Amino acid sequence: LMKVFRYFVAILLMVFTIGQIEAKSLEEDRYVLVLDPGHGGKDHGTPGKPMKEKEVVLDVAKRLRKLVEEACGDSVKVIMTRETDVFIPLSERASIANKADADFFMSIHVNSIDRKTKGREKVHGASVYTVGLHKSDANLSVAMRENAVIELEEDFSETYQGFDPNSSESYIIFELNQNRHMARSIEMATLAQHELTGYAGRADKGVRQAGFLVLWATKMPSVLVELDFMCNPAAERFLGSDEGRQKCAQALFNAFSEYRTRHPKNPKKS
């Protein structure tokens, strides 16, 4: 009887061990997508009338997560840098993606221009950025606005090694730290831009490059999406509607789906 019991226990242990190995293998094979709704908490992002950027992008990100999970099931693990209205430092957003060994990182935002700019209520359109050199003063301006959030962090100068988000001289760092995943980042940016202009009907502001800290600090292909301009009343109405937000989420899902078909895994995992 004791021999039978020992045999039974051995079989159970073997089955359990095999199950653990298979589960670990399945987890390692899963595609990891990190969605980063910009801003949050004390950082409202660009203000609208009456919306706030932080609210719009969180809702769009949640809709996108739902689309991915419904379509891809267990083959894709979606991680959100925030799921509620909380402040997350830029460095922590990138760290979340790096610790998860993510395959792709997508940061979602809404654009705007300075209140003193003439005609700011007429500017409109989507743009998708990758990290890189500034091709224009406009690109630098957007990067400065998005990076300025670090000033809300304690000891940001030490955390970011003296980086000043308001100094153009600080951005020379991006000339020395080009993303080795640039080709795939640009590919995804192009797909997302195509869907935002085609499916979601946003005006085409182009695929661009700029020195976004949150992208520079990630270790995988990554993009930063600007859905439209909050300072444009028509664009704000679109982003404030269920239909508009769902179209933006669907457009980003369409792009991700095509990108993942082309690149099932990150090169470092292949």
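## Crossing of H2 and H10

Helix H2 passes helix H10 in a right-handed crossing, a term used where the near helix is turned clockwise from the far one by less than a right angle. The model is predicted: local features need pLDDT of at least 70, side-chain atom pairs count only at pLDDT 80 or more, and totals for chains, interfaces and linings use all residues. Residues are numbered from 1 along each chain as its sequence is written, and side-chain values use heavy atoms, with hydrogens and water left out.

The axes of H2 (residues 53-72) and H10 (residues 242-262) come within 8 Å and cross at roughly 50°. Axes are lines fitted to C-alpha atoms, for helices over the stretch in contact, and angles run from 0 to 180 degrees between N-to-C directions. Helices (H or I, at least four residues) and strands (E, at least two) are DSSP runs, numbered from the N terminus.

The contact (heavy atoms within 4.5 Å) involves residues of H2 including Val60, Leu64 and Leu67, and residues of H10 including Leu252, Phe253 and Phe256. By class, its residues are twelve nonpolar, two polar and six charged. Ala, Val, Leu, Ile, Met, Phe, Trp, Tyr, Cys and Pro count as nonpolar, Asp, Glu, Lys and Arg as charged, and the others, Gly among them, as polar.

## Largest pocket

The largest pocket has a volume of about 650 Å³. On a 1 Å grid over the protein atoms alone, a pocket is an open set of points with protein on both sides within 12 Å along at least five of seven lines, a cavity is a set where a 1.4 Å probe fits but cannot get out, and lining residues have an atom within 4 Å of a point. Grid points are joined across faces, edges and corners, and a volume is the space filled by probe spheres set on the points.

Of the 30 residues lining this pocket, Thr46, Ser112, Ile113, Asp114 and Arg120 lie nearest its centre. Helix H4 (137-147) is among the elements that each supply at least two lining residues; its share, four residues, is the largest.

## Largest cavity

One cavity of 30 Å³ or more is present, and about 120 Å³ of space lies in the largest cavity. Leu90, Arg93, His109, Glu146 and Val149 are the closest to its centre among 19 lining residues.

## Loop between S1 and H2

Pro50 is placed in the loop between strand S1 (31-37) and H2, and the peptide bond from Lys49 to Pro50 is cis, with omega near 10°. His39 lies in the loop between S1 and H2 and has a positive phi, near 65°.
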